Amino acid sequence: MPDNVSARMTLEEFHARHADDPFQDHRAPSPLSDERMEEECGLFGIYYPGEDVANLTYFGLYALQHRGQESAGIGVSDGHTMSMVKEMGLVSQVFDQESLDNLHGHIAIGHTRYSTTGSTRLPNAQPMLFKHPTVGPFLLAHNGNLVNAAELREELRAQEVQFETTSDTEVLGLMLCRTPGATFDEVLAAALPRAEGAYCLIFLTRDSMVAARDPLGIRPLVLGRFGDVDAPGGTGYVMASETCALDVVGASFVLDVEPGEIVSIDASGMRSTRIRRTQTKRAMCSFEFIYFARPDSVMMDQSLYESRGNMGRELAREAPADADIVITVPDSATPAAIGFANESGLPFVEGMIKSRYITRTFIQPSQKLRESGIRLKFNPMKHVLDGKRVVLVDDSIVRGNTSRRIVEELRRAGAKEVHMRIASPPIMWPCFMGIDIASRNELIAAHNSVEEVGRLLETDSLHYLSIDGLRRAMGQPSGEGFCFACFNGSYPVAVPQGLEGDKLALEVPVRAG
């Protein structure tokens, strides 16, 4: 990515420069989203005295678009006045140059949303505005899921607090507003120990940017800096969900925000405090490595592109195939497919071409179109596949509907055999920390053996990467520091009894006021 992106660069100039970004669309949403797990949000924040930061925030959110496509928002402060624009849609649809030119200030936060708690509607879009009786107004952007949101919401209702949204983010913000403290740091330190589950938070006050990460470190958050990272202050700081957003705006990676850490940045510099809570283990979501994050991002000192290639290599060692070619389900599984091909000695070829222009906002398919929608998204290459024994590498199988349709299309294009290899273990348990899986009933591997799943998908063979192989591929053979709950049911936090992962659990009538 270029390292000289300027806050004064126009949107037209930025999009011209990034028109051929190979990673921007690696997880573009589509009518085939029934086969993909979705995560909640992308976060970006910037403190940069002397710069008008709205454009830079747009560029950062653009790089994080894969983390949420339902709504986007940017809030800005000049040290005295705060302003915000947010709307339903993609980043490029919500903002134009005129709207960004009207956001003046040197501090900003931005958000892209996929709903895992609360429905897809504008009141649930972020950032959200709150007002604390002592520290004043603040904007909040949140990535993750609070497993005790319903409990906290009922406590606030008992205090006659009224809600305007159905999002756990509002629950958290209103809880902060009811927490006493002379400074924002004090409020966070007192309130956040009550929050259970996954949360990365970025706040904007009139004169500061503050970020916090849950004690388990389930969701990622990184700190970057403009200019000389070793210089004693005087340059701008950036917070983002992934390092790819730092690359786009020309900032240098400084560190991962630690689990349980609160980082505050204002005119006095940067300071760090801890959430007062006993927590000895870490539980980074392993699906960040497998699928969620962009492959050009770095997490826990690991290149995700290399880690995904390692997953393919481990898979080839565990489950080799007697075949002619290796292909991928583009584009998210491509690094794993290349790794599989390199390790097995089979040629990697493009067996399917992906359309990059099918998005949720571009087309709302009918049921009939969904059933044949695979042809909208992936076009099999008949001259490549005809008569070939094919290894099809994908990163995961969730419900299996799309996988089965892909296998059907490969056979229709002339594939003699289809051997499916999955670069992650079978997904058998729902997630309650920010991934949109509603229940075990949706998961094809939860009630079927590997052999039964293979028969349902009509493959000639099917193998998944083992958990041990996944651990080795991520550079952590012991698995320490990661959450594998969707594979083994061992959750890092207690899940409230009766909670079935319903993202609309807070959809109750909103009281007027």
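Strands β9 (residues 222-225) and β10 (residues 237-240) run antiparallel and are joined by four bridges, strands being DSSP runs of E with at least two residues, helices DSSP runs of H or I with at least four, both numbered from the N terminus. Within this pair, R225 has Y237 in β10 as its bridge partner. This is a predicted model, in which local features need pLDDT of at least 70, side-chain atom pairs count only at pLDDT 80 or more, and totals for chains, interfaces and linings use all residues. Residues are numbered from 1 along each chain as its sequence is written, and side-chain values use heavy atoms, with hydrogens and water left out.

Both strands belong to an open sheet of seven, ordered β3-β2-β4-β1-β10-β9-β11 with antiparallel pairing, where two strands pair if DSSP finds at least two bridges between them. Because β3 (82-88) and β11 (252-256) stand at the edges with a single partner strand each, one side of each is left without a neighbour in the sheet. Helix α2 (residues 54-63) lies across β1 (41-47), β2 (71-77) and β4 (107-113), running at about 150° to β1; such angles run from 0 to 180 degrees between N-to-C directions, with axes fitted as lines to C-alpha atoms, for helices over the stretch in contact, and contact means heavy atoms within 4.5 Å.

A further open sheet has six strands in the order β5-β6-β7-β8-β12-β13, again with antiparallel pairing. Here β7 (residues 197-204) and β8 (residues 209-213) pair over five bridges, and L204 stands opposite M209 in β8. Helix α6 (residues 168-177) lies across β5, β6 (136-146) and β7, at about 135° to β6.
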